[in-house]
Amino acid sequence: MKFYNSEKFAYPCEDPLAIHAITECIEKLQEEKLPFVTLDFIPQLLAELENLTEYFARFDHLLLLGIGGSALGPHALQQAFSPQDKYVLTPDAQMKKHLWVIDNVNAGHLADCLKNLPLEKTLVLTVSKSGSTLETISQYFICKQYFQKMLPATWQNNFFIITDEEKGFLRRETTDNNYKSLPVPALLGGRFSIFCAVGLVPALFLGIDYKRFIQGAMEAKNEFFAECASYQENCQNPLPRLFELANFAYSTMANGYSELIFFNYIPKWSSLNNWFRQLWSESLGKNGQGSTPVTALGTVDQHSILQLFLDSKPNKAVLFLTASAMEKNALCTISKNLPEEWKWLAEKNISEILDAEANGTKQSMINHHIPLCSMVFPKTDEQAFGKIMWELCMTTILTAHFLGINPYDQPAVEESKKIAKATLSQNSN
Ligand SMILES: O=P(O)(O)OC[C@H]1O[C@](O)(CO)[C@@H](O)[C@@H]1O
């Protein structure tokens, strides 16, 4: 991690106030023992997944009903490690397994899935921590009635539920209908749930190496707490890296930088953007605090939004993600044989073009005095993905601590849900 244009925001680790805030935060994390922080539910979950492997193997299609944290993480994993278009392009198609994420209320899409998917080979995976999200539950009812009609004798076998361990409508439905199910551990909210069954069931289904993904999260956790222990022992030791990042986020906000650009130059990780947007917004956007996450994908968004980033209000800080070892595919190397004015591109691989573009954007942002944190990833595999997701979650929690807010709730969202429910109740017979 390297910071630019942020010298004025330094949070010196020798400052007694900073030391106090940091040690207090570490103690709180150790005391709270939240499942996301401890990951202590993982061994049991891995054993349960092992037992379910044979059952999942019966199906070719996973129809995921869920929204927000119940869909964005699985979608990010799919895009990164099992993109559906990859199979369209691969004639030998190990294209056995498909994930269809129904995370919006789009009647056409749901109806197409129901009409066109082979139902016997389709597993409906309903994911909702609360078990009461209107969009998810409505789509669950529609799928249930359709499967009951089309597969009257066996329909229950095609339903799998991921929800709270004890509470909520979906937990009752699971018991009443004898569905197979896995829990979302208590106190593991939607945007932190990628490390439980919410992320791992779709990953297992698609053949993604979910064990390495979890290894990445574990590695991040162990590194973070080792750095914390060393800092607690002697505050002259380096500040834990994620505190540095949270400090950058916090102090840019405190200095009027109201937007945080998440500029991602790792095309394979494109869906990380939407996942991060929820994490940052719902965790920090409360009590008049927070910064608005604006996500961008390189190089595409250079050609749409970069102008504004560089030259509009100077209220933007940036997290800038690049990979240091981009895959060099021989098919994507330009030959020597080029027109004179393009000779400078001779023998360049497409990944070098991405690197050069990323470097150009980063340098120009730095030249425009934009506070920027650059994160360079040596790998982009499942393990690296698990690691960065855990680190971004932890950074968000640390930033919330500096802001003095609770990162785990999202109370303002409830109002619109109540209004929508009231409207539907009024119109019901
Ligand atoms: O998993 P659930 O409980 O259906 O919630 C879906 C999403 O809705 C929210 O509660 C916001 O309404 C998110 O925090 C959550 O990820």
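Here are some notes on the predicted model above, point by point.

1. **Ground rules.** This is a predicted model, where local features need pLDDT of at least 70, side-chain atom pairs count only at pLDDT 80 or more, and totals for chains, interfaces and linings use all residues. Residues are numbered from 1 along each chain as its sequence is written, and side-chain values use heavy atoms, with hydrogens and water left out.

2. **Domains.** The protein chain splits into domain 1 (2-30 + 213-403) and domain 2 (37-208), with bounds that come from an automatic or database domain assignment. Their C-alpha centres are 30 Å apart. Across the divide, 29 residues of domain 1 are in contact with 20 residues of domain 2 (contact means heavy atoms within 4.5 Å). About 2,100 Å² is buried between domain 1 and domain 2, and carbon and sulfur atoms give 75% of that area. Buried area here is the accessible area (1.4 Å probe) that two parts lose on being put together, summed over both.

3. **The main core.** The largest nonpolar core has 99 residues, and F195 and W390 are those with the most contacts inside it. Helix α15 (residues 382-403) supplies the largest share, 13 residues. Domain 1 and domain 2 both give residues to this core, so it lies between them. For the bookkeeping, a nonpolar core is a set of buried Ala, Val, Leu, Ile, Met, Phe, Trp, Tyr and Cys residues joined through side-chain atoms within 4.5 Å. Buried means under 20% relative accessible area, exposed over 50%, and partly exposed in between (1.4 Å probe, protein chains only). Helices (H or I, at least four residues) and strands (E, at least two) are DSSP runs, numbered from the N terminus.

4. Not counting residues up to four places away in sequence, W390 touches a list of residues including F36, V37, F195, F224 and L242. There is also a second, separate core of 19 residues, with C113, L119, F147 and L151 among them.

5. **The sheet.** You'll find an open sheet of 5 strands in the order β3-β2-β4-β5-β6, with parallel pairing; two strands pair if DSSP finds at least two bridges between them. At the edges sit β3 and β6 (180-184), each pairing on one side only. From one strand to the next, the twist averages 20°. Two helices are worth a look here. Helix α7 (residues 134-150) packs on the sheet, touching β2, β3, β4 (122-128) and β5 (159-164), and its direction makes about 155° with that of β4. Helix α8 (residues 169-177) also packs on the sheet, where it touches β4, β5 and β6, and its direction makes about 140° with that of β5. Axes are lines fitted to C-alpha atoms, for helices over the stretch in contact, and angles run from 0 to 180 degrees between N-to-C directions.

6. **Strand β3.** Strand β2 (residues 61-65) pairs with β3 in the parallel sense over 5 bridges, and L65 has I102 of β3 as its bridge partner. Of the 5 residues of β3 (residues 98-102), 4 are buried, so the strand is largely enclosed by the rest of the structure.

7. Q30, in helix α1 (residues 16-32), is partly exposed, with a relative accessible area of 39%. Beyond residues up to four places away in sequence, Q30 touches F225 and Q232. T252, in helix α11 (residues 241-254), is buried at 2% relative accessible area. Leaving aside neighbours within four places in sequence, T252 is in contact with F9, Y257, A317 and P371.
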